[in-house]
Amino acid sequence: MTSATSTPTDSTDTLANALSRIRPDVRAMHSYVVQPSTGMLKMDAMENPFALPEALQTALGQRLGALALNRYPGARQNDLKAALAAYAGAPTGSDVVLGNGSDELITLLALACAQPGTGHRATLLAPMPGFVMYPMSAQLQGLDFVGVPLTPDFELDEPAMLAAIAQHKPAITYIAYPNNPTATLWDEGAVQRIIDAVGAQGGIVAVDEAYQPFASRTWLTRMQAEPARNAHVLLMRTLSKFGLAGVRLGYMLGQPALVAEIDKVRPPYNVSVLNCEAALFALEHADVFAAQAAELRAQRTVLIAALRAMPGIEKVWNSEANMVLVRVADAGKTYEGMKTRKVLIKNVSTMHPLLHNCLRLTVGNAQDNATMLAALQASL
């Protein structure tokens, strides 16, 4: 009796057949690529440049080392939810759902609102240019995506937003507050009118406050002052810009009935005991991270002034985040020049027509900003 063996042709055919089972739209996509950064000054991802102080490193290490890693995450996550609600100043009666970064929460919200098998696809709407995960989550979870262009100065086009909401009746409308990659904090009145319009047709608004530590205001103020008017709002934050990008912890808060529906599609144990305890530890030392954010806000002022004085920079936009958007004559040339000089920034010029020849710069500490500015000037 002879055993069957695979030939290279058989193997190729088998693999091709297996790949054919992957959705065509997924096969046409590109994976999210993190730029190699060894030996580079990394100014492309809006990370906090400050390491945890040595004494806190030791204390955190002791706490993490004492955790029961042989057990699944448990009630400690409820402690984290309460701590996050208190830290954020959530309206009384709010509930919180945790995510492995805000990326997972964006996915969960789309998953909860999709309408598979009904013959009616739900719609996700957002101003564009905006965070790439909004359209990606719509595509992957089977929602239609409607992007409403911002004005040339990256302000909300309120009439266009209201018209799109009336036409498409989106299940989810995202308002990034402030926006990525433009660092814009949009007019409060316009945002409320858009939220009202979404509510009038029965939709959910997700206010994405990923960059709140660097912004001059928060939508929580409105949610506290007018809870009924904002009952359909879910407010989303992340600890990445707080200073814990490596911990991967996002949270979404809002009315308990709405939060509970999102929680139903959350994978069990999506936040590890290590992530949970690191987040609790950081919140216990929130003053350290608040001081770091204050320093970055001060450095942002200095950075913007230097950019506006630099020959070859065509435009610098105001910022309410830890990034600054600039326009140059040739974004590709400038980006490559800075990369050659060992400084990584983000070339956003191909993300949307409104971002033509735009670069996004992270706000760092004084030394990092000086290095970045020197590389930028030499690369224009």
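Colleague: What should I know before I start?

Modeller: This is a predicted model, where local features need pLDDT of at least 70 and side-chain atom pairs count only at pLDDT 80 or more, while totals for chains, interfaces and linings use all residues. Residues are numbered from 1 along each chain as its sequence is written, and side-chain values use heavy atoms, with hydrogens and water left out.

Colleague: At what angle do the axes of helix α3 and helix α12 cross?

Modeller: Helices are DSSP runs (H or I, at least four residues), numbered from the N terminus. Axes are lines fitted to C-alpha atoms over the stretch in contact, with angles from 0 to 180 degrees between N-to-C directions. Here α3 (residues 54-65) and α12 (residues 273-284) have axes that come within 10 Å and cross at roughly 145°.

Colleague: Which residues make that contact?

Modeller: Contact means heavy atoms within 4.5 Å. From α3 come Leu-56, Ala-59, Leu-60, Arg-63 and Leu-64, and from α12 come Leu-274, Glu-277, Ala-278, Leu-280, Phe-281 and Glu-284. They divide into eight nonpolar, no polar and three charged. In this scheme Ala, Val, Leu, Ile, Met, Phe, Trp, Tyr, Cys and Pro are nonpolar, Asp, Glu, Lys and Arg are charged, and the others, Gly among them, are polar.

Colleague: How do I read a nonpolar core?

Modeller: In soluble globular proteins, nonpolar side chains tend to be buried together. A nonpolar core is a set of buried Ala, Val, Leu, Ile, Met, Phe, Trp, Tyr and Cys residues joined through side-chain atoms within 4.5 Å. Buried means under 20% relative accessible area, exposed over 50%, and partly exposed in between (1.4 Å probe, protein chains only). The largest core here has 56 residues, of which Leu-80, Trp-219, Leu-249 and Leu-253 touch the most other members. Helix α12 gives the most to this core, with seven residues. Apart from it lies another core, of 27 residues, including Met-133 and Ala-206.

Colleague: Is Ser-137 buried or exposed?

Modeller: Ser-137 is buried, at 2% relative accessible area. This serine is found in helix α6 (residues 133-141). Leaving out residues up to four places away in sequence, Ser-137 touches Ile-106, Thr-107, Ala-110 and Leu-124.

Colleague: And where is Gly-199?

Modeller: Look in helix α8 (residues 188-200). Gly-199 counts as partly exposed, at 33% relative accessibility.

Colleague: How many disulfides are there?

Modeller: A disulfide is a pair of cysteine sulfur atoms within 2.5 Å, and by this rule the count comes to zero. Cys-113 is buried at 11% relative accessible area, and Cys-358 is buried at 0%.

Methods: Helix = DSSP H or I, 4+ residues; strand = E, 2+ residues; numbered from the N terminus.
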